[in-house]
Amino acid sequence: MIENMEEKGSNSHVKRQKGGMITMPFIFSNEVCEKLAVVGFNTNMISYLTTQLHMPLTKAANTLTNFGGTGSLTPLIGAFVADAYAGRFWTITIASIIYQIGMICLTISAILPQLRPPPCEGEQVCQEANKGQVAILYVSLLLAALGSGGIRPCVVAFGADQFDETDPKQATKTWKYFNWYYFVMGAAILVAVTVLVYIQDNIGWGWGLGIPTFAMFLSIIAFLIGYPLYRNLDPAGSPFTRLLQVCVAAFRKRKLTMVTDPKLLYENEELDAAISLGGKLLHTKHMK
């Protein structure tokens, strides 16, 4: 029995070591490489479409706008999957791999001449990309949009998961994490919009897209190496589901008389435990 207690204590000690500041180098290295890849991939894309695929400016702008809108909607799907089923770690990992595949496809098309229209010579009319070449572009952008949908809503929250808000010693470290996170992210974006754009414009699109693609690969490796140290929380259910449940319950009970004591209102501490780590919200009449 004593051995079992010692073993249990040892296991709890290992569990307490999960997360914390020790995980930040892996998450930050992932974020630096990911931001280099995403920003370097998207910032100068209008130039790639017009100069390499010879798209008209209007068509190129519409293409990027459409896929930019798609990339703004996919985080709703990524957040739902992470909260309800897969958890943040696996959502980020799988989404990063999807993004990586999209970047590889576009990089290969920038390197192989047969996947691009021939270059313009002199005053001749530029030949626009054919359907097959445009299809590779669309598949690459679609994979990038799907991948970003899993990365963007999860990576910041996953870093915050590494700190236990109920522990006073770790509560202050959460603010330190956010400060460093946005500093690192801003530095990576600065490098992407200066160095990588310069390489794309002056050295070549093979290097200009190849470097962000390799950076994305490094981000996945760095993120996976830190797996034994991460504090992985189980999926707590989608907030969309809970929001819908509240709306349905409010509509069904709209004719009931309000109780005089808020303590009589329905609460389920077991169901709410996973989403109320920071404490309970007090009942108020301000939004009545």
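1. Which residues of the largest nonpolar core touch the most other members? They are F41, Y48, L49 and L209, out of the 24 residues in that core. A nonpolar core here is a set of buried Ala, Val, Leu, Ile, Met, Phe, Trp, Tyr and Cys residues joined through side-chain atoms within 4.5 Å, where buried means under 20% relative accessible area, exposed means over 50%, and partly exposed is in between (1.4 Å probe, protein chains only).

2. Before reading further, please keep in mind that this is a predicted model, in which local features need pLDDT of at least 70 and side-chain atom pairs count only at pLDDT 80 or more, while totals for chains, interfaces and linings use all residues. Residues are numbered from 1 along each chain as its sequence is written, and side-chain values use heavy atoms, with hydrogens and water left out.

3. Leaving aside residues up to four places away in sequence, F41 touches L36, Y99, M103, L106, A144 and L209, a contact being heavy atoms within 4.5 Å. A second, separate core has 17 residues, including F28, V155, F158 and Y181.

4. Turning to charged side chains, the structure holds three salt bridges, each defined as a side-chain nitrogen of Lys or Arg within 4 Å of a carboxyl oxygen of Asp or Glu. Side chains of opposite charge can pair when their charged atoms come close. One of these bridges joins E128 and K59 at 3.0 Å, N to O, and it links distant parts of the chain, with E128 in the loop between α5 (88-111) and α6 (131-151) and K59 in helix α4 (residues 57-86), 69 residues apart. Both partners are partly exposed, E128 with a relative accessible area of 31% and K59 at 34%.

5. R88 deserves a point of its own. Its side chain meets that of D83 in a salt bridge (3.9 Å, N to O), and R88 also forms a salt bridge with D161, where the closest N and O atoms are 2.5 Å apart. Because R88 lies in helix α5 and D161 in helix α7 (residues 155-161), this second pair ties together parts that are 73 residues apart in sequence. Through shared partners, the salt bridges join D83, R88 and D161 into one network. Within it, R88 is partly exposed, with a relative accessible area of 24%, whereas D161 is buried, at 12%.

6. The unreviewed UniProt entry annotates residues 97-115, 135-159, 180-199 and 205-230 as "transmembrane region", and such annotations may be inferred rather than shown by experiment. In the model, residues 135-159 are 88% helix and 0% strand, with end C-alpha atoms 36 Å apart, while residues 205-230 are 81% helix and 0% strand, with end C-alpha atoms 37 Å apart.

7. Finally, which residues line the largest cavity? The lining consists of Y48, L53, L106, S109, L115, Q133, I136 and L137. Helices α5 and α6 each supply at least two residues of this lining, and α6 gives the most, with three. A cavity is a set of points, on a 1 Å grid over the protein atoms alone, where a 1.4 Å probe fits but cannot get out, and lining residues have an atom within 4 Å of a point.

Terms used. Helix = DSSP H or I, 4+ residues; strand = E, 2+ residues; numbered from the N terminus. 1 Å grid on protein atoms, 1.4 Å probe; cavity = no way out; pocket = protein on both sides within 12 Å on 5 of 7 lines; lining within 4 Å.
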